[in-house]
Amino acid sequence: MTLLRVENLTHHFGGLRAVQDFNLNLQTSELVAVIGPNGAGKTTVFNLITGVYRPIEGKITFQDQNVIGLQPHKIVRLGIARTFQNIRLFKELSVLDNVRIAHYGSAGYSTWEALLRLPRFTKQEARVRQEALNLLNIFGLDNLAETPSKNLPYGQQRRLEIARALATRPSLLLLDEPAAGMNPTEVEQLIELILWIRSEFQLTVLLIEHQMRVVMGIAERIKVLDFGETIAEGSPKEIQNHPRVIEAYLGREVNA
Amino acid sequence: MKSAFWKQWKLPLILLLIFPFTILLPKFGIINPYIDLVLKYVGINIILTISLNLVNGYMGEFSVGHAGFMAIGAYVASLLTVWLFPRSLGPFLFPVALLTGGIAAGIAGLGIALPSFRTRGDYLAIVTLAFNMIIKSVLENIEAIGGPSGFMGMDKLTSLWWVYIIVIVVVFLARNYVFSNFGRGVLAIREDETASGLVSVHTRQVKVLTFVFSAFLAGIGGGLFAHELQFINPRSFTILKSTEMLVMVYLGGVGSLGGSILGATVFTVMMEGLRTVLQQFGISQEWRLVVAPLLLILLMIFRPYGIMGLREFRFLVPREERPEALASQREQVQATRQTKEALP
C-alpha cells in the first residue's frame, strides 16, 4: 500500500530552485534514503512534507489524504514525525518534558480541566507521564528524566530526538541526517537502532543521510538529488555505480 | 496514615490558618494602615507579575503594555461598582466586578493576540506598546468616565483578606496552567517554535490562550488596584507602570511562579523603603521613577534570568511532579516493563 505519495513537488526560494519536480512513492514499511551533495534540496523536501514550507507546485498525499496547506501540528497528528539535521531539542527543558511535549496533540483535556485540575486532567496527565517514561525506558534515558536535555551527551541527544518523534505515534518517520557528527561505532549502533525501531514501532522510514555506510547498509531504495533535481533512483547497488551520481559527488573527469 | 494526610493537606491548612489574621490584624490595628497598604500592594503586584511572566517569561515573547490590560480591568470593575451595583451590595458583588474586569481585559488580550501572533519577534512588543498608549488616550478622551482627571467614587473594597484569597486563587490557577500540556507547550515555544509545531504543539492556539489568560489576570490586578486607591486616572496606567511589571518579572525570575512572588515582594518593599529614605534625606520623590527603568537595564545586562529563572519553589510544584514522585513512577515502569528484545 502506498503510504506517502509526492508528485511533481517544486519549491523555489526567490530565484533559487530548491526542489524541482520531485516524485516519491513510499510503500508501507519501506526504508528509503534520499542522498545528495550539500544544498541539493533534501531538507527542503522534508520541510515541504511536514508543512514548514508550502510548496509552489506539486501534490503530497499521506494515506490518501492531502497534506499541502495543513499546519505542521496537524500533519504530525496524521502520523508523520521527524528529527532534525541539527538537533533541535528543547534545551532548557527536562528529558521527560521533551517527550511529554510530543503528547500535546493526544492529551485529551480542555483548558478548563487543566486550570481546575479536574479528574480527566489528572487521569490524562498520569497516562502521558506513564507513556513518556515507558518510551524513555526503552531508549535507556529514563534515569535522566529530570536532566535538562542540553546536558546530555551528543549521542543521547540524538536518541532523545528520535524518542520525542516516536512519542507522537507516527507511522512515517523522517530522519534528517541522524548520523551527522557520529563516530564509526556510534554509526553502527545507530543503524541497529533504526532497524530496531522500524520493526518495533511498525514504521516506514524516509532517511536523509550523507554517510554512505548508513545509506548502503539499510536503505532499500535510494533517491539522489542534485541542485533540486532527482538525478538517479534505484537500489544501493545501482546507485553506487550510477555515472551521474559519481559525477555529482566527485565531479567529472576532464580529458586532457 | 496521619502523616500521609498531613503531607497532602499541609499547604492548604497553613494557608487556611493564616486567613483569619488577614482579617483580624488590620481590624484591631495590630498592623498599621501603612503596613496593611504595602501588603495589599505586594499581593496586587504578585498577580500582575505572574500575569506578565506568563507571556515574557514562559512564552519568551515580549509584551511591554500590560498596564493597558490593567487599566481595562480597573475601569470596568470600577464602573460596575460605582454605577451599576447598589452600594449596599458592593462588598458581595466585588468578586463579580473583578471577574468582569478580568474578562474585559481578556477580550482585549484576544484582540491583540490574534493579529500579533501571526509572526514572531519584536512585533508583539510594538503592538503592546501602541496598545498601552491607545488605551491611555482613549480613557483621557471619554469625558463620561472622568477623562484625564480620572474616575472616583469607589468604596474601599480591596481588603487585605480579599487580596489574600485572590492571590492564592491566581497562584493556584497559574500553577495548574504551567504544569499542564499548555504550560509545557508554551515553554517549548520559548525554546524552539518550529520544532514545537513539528512535535504536535498547536503553537498559535497555545500562544493566544496564554496571552488571553495573562491579560485576564492583569485585569483582575487592575480591579483590585482601583478599589484600593478609590481613584484611578489614565496616567496610572502608562508605560511606566508596564515597566514596573517588567522589572518585577526580570528581578524575580523568568518562567517561574516562585520568582514572580519573590520579585513582586522584593520590588514593592524596596520601592516603599526608598520612599522613606528619600524623605529622610530631603530628596525629591521624583527620583523613584528613575529606579524601575534603571533596574530593568541592569537586570537585563547582569541577570537576565532573574533570581529564580526557570526554577520553582517546591511547594509550587504539584505533588505528582516532584522528584520523588517521578522517581517512584520510574521504578514502577522499570519493574513492569516486559523485557522485549533489548534495544541496541
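How many C-beta neighbours inside 10 Å does Asp21(A) have, and how is Asp21(A) therefore classed? Asp21(A) has 13 such neighbours and so counts as partly exposed (buried means 20 or more other C-beta atoms within 10 Å, exposed 12 or fewer, partly exposed in between, with C-beta atoms placed from the backbone).

## Basis of the model

The model is predicted: local features need pLDDT of at least 70, side-chain atom pairs count only at pLDDT 80 or more, and totals for chains, interfaces and linings use all residues. Residues are numbered from 1 along each chain as its sequence is written, while chains are lettered from A and ligands numbered from 1 in the order in which they are written.

## Positive phi in chain A

Asp21(A) lies in strand 2 (residues 16-27) of chain A (strands are DSSP runs of E, at least two residues, and helices runs of H or I, at least four, numbered from the N terminus). Its phi is near 45 degrees, a positive value in a residue other than glycine.

Asp64(A), also not a glycine, has a positive phi of about 60 degrees. Asp64(A) is placed in the loop between strand 4 (57-62) and strand 5 (65-66) of chain A, and it counts as exposed because it has 9 C-beta neighbours inside 10 Å.

## Contact between the chains

In total, 42 residues of chain A are in contact with 33 residues of chain B (contact means C-beta atoms, placed from the backbone, within 7 Å). On the side of chain A that touches chain B, helix 5 of chain A supplies the largest share, 6 residues.

How values were computed. Contact = placed C-beta atoms within 7 Å.
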